[in-house]
Amino acid sequence: MTKKYEVGEELSGKVTGIQPYGAFVALDEETQGLVHISEITYGFVKDINEFLTVGQEVNVKVLEVDEEAGKISLSIRALLEAPPSTKRDDNPRKTLQARVNERDADGFNSLKDKLQDWIEKSGQ
């Protein structure tokens, strides 16, 4: 690495290679970093080729620099706006008992109580 890259730095680079696990991005003439598949975009990425192509210019953020190994971890996702949360806080999940109570307003009656009702109804 001729130039020293800093964690948090935002850069522009060119995709030089795509592997099943990520995309290599050239940051300068001698330095390239890896955008792991999980750092390409929000959500699930099955095939990187659906998002990137070799030769494409991309904006990346430096996540980690390992000078000894000469490796730089990059992210495209870190520069994207996060999608709105799909969590529905306005309608919290109810417990099973709460749902049973809601559907059976009378609650559970014991078999003894029900039996008396059935006997009376059958005699009508």
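Leu52 touches Ile18, Ala23, Ile40, Val58 and Ile76, leaving aside residues up to four places away in sequence. In the largest nonpolar core, Leu52 is also one of the residues that touch the most other members. The model is predicted. The chain holds 5 strands and 2 helices, in the order β-β-β-β-β-α-α from the N terminus.

**Nonpolar core**
- The largest nonpolar core has 19 residues.
- Leu27, Ile48, Leu52, Val60 and Leu74 touch the most other members of this core.
- Strands S1 (10–19), S2 (22–26), S4 (57–66) and S5 (71–75) each give two or more residues to the core.
- In soluble globular proteins, nonpolar side chains tend to be buried together.

**Strand pairing around S3**
- S3 covers residues 32–36.
- S2 and S3 pair in the antiparallel sense, over 5 bridges.
- Together S2 and S3 form a hairpin, with 5 residues between them.
- Within this pairing, Gly22 has His36 of S3 as its bridge partner.
- S3 also joins S5, through 2 bridges, and these two strands run parallel.
- Val35 stands opposite Leu74 in S5.
- Leu74 is also among the core residues that touch the most other members.

**Two faces of S3**
- In a regular strand the side chains alternate between the two faces of the sheet.
- Which residues of S3 lie on its covered face, and which on its uncovered one? Gly33 and Val35 form the covered face. Gln32, Leu34 and His36 form the uncovered face.
- His36, the bridge partner of Gly22, therefore belongs to the uncovered face, given that buried means under 20% relative accessible area.

- Tyr5 sits in the segment before S1.
- Is Tyr5 buried or exposed? Tyr5 counts as buried, because its relative accessibility is 5%, under the 20% cut-off.
- Tyr5 touches Leu11, Leu27, Asp28, Thr31, Val65 and Ile72, not counting residues up to four places away in sequence.
- Among these contacts, Leu27 is one of the core residues that touch the most other members.
- The side chains of Tyr5 and Asp28 are joined by a polar contact of 2.6 Å.
- Tyr5 and Glu64 are 59 residues apart in sequence, yet their C-alpha atoms are 9.2 Å apart in space.

**Glu39, in a loop**
- Glu39 lies in the loop between S3 and S4.
- Why does Glu39 count as buried? Its relative accessibility is 15%, and the cut-off for buried is under 20%.
- Glu39 touches Leu63, Leu74, Ser75, Ile76 and Arg77, again not counting residues up to four places away in sequence.
- Ile76 is also among the residues that Leu52 touches.

**Whole chain**
- Of the 124 residues in the chain, 22% are buried.
- The chain exposes about 9600 Å², and carbon and sulfur atoms supply 49% of that area.
- Among contacts with a separation of 6 or more, 55% link residues 24 or more positions apart.

**Confidence**
- The mean pLDDT of the chain is 86, and 85% of the residues score at least 70.
- Where is confidence highest, and where is it lowest? Confidence is highest in S2, at 96. The lowest mean, 72, belongs to helix H1, residues 96–103.
- Where pLDDT is low, the predicted coordinates should not be read in detail.

Conventions
Residues are numbered from 1 along each chain as its sequence is written. This is a predicted model: local features need pLDDT of at least 70, side-chain atom pairs count only at pLDDT 80 or more; totals for chains, interfaces and linings use all residues. Side-chain values use heavy atoms; hydrogens and water are left out. Helices (H or I, at least four residues) and strands (E, at least two) are DSSP runs, numbered from the N terminus. Buried means under 20% relative accessible area, exposed over 50%, partly exposed in between (1.4 Å probe, protein chains only). Contact means heavy atoms within 4.5 Å. Accessible areas come from the Shrake-Rupley method with a 1.4 Å probe; for residues, only the protein chains shown count as cover. A nonpolar core is a set of buried Ala, Val, Leu, Ile, Met, Phe, Trp, Tyr and Cys residues joined through side-chain atoms within 4.5 Å. A polar contact is a pair of N or O atoms within 3.5 Å; within protein, one must be able to donate a hydrogen and the other to accept it, and residues adjacent in sequence count only if both atoms are side-chain atoms. pLDDT is the predictor's confidence in each residue, from 0 to 100. Two strands pair if DSSP finds at least two bridges between them.
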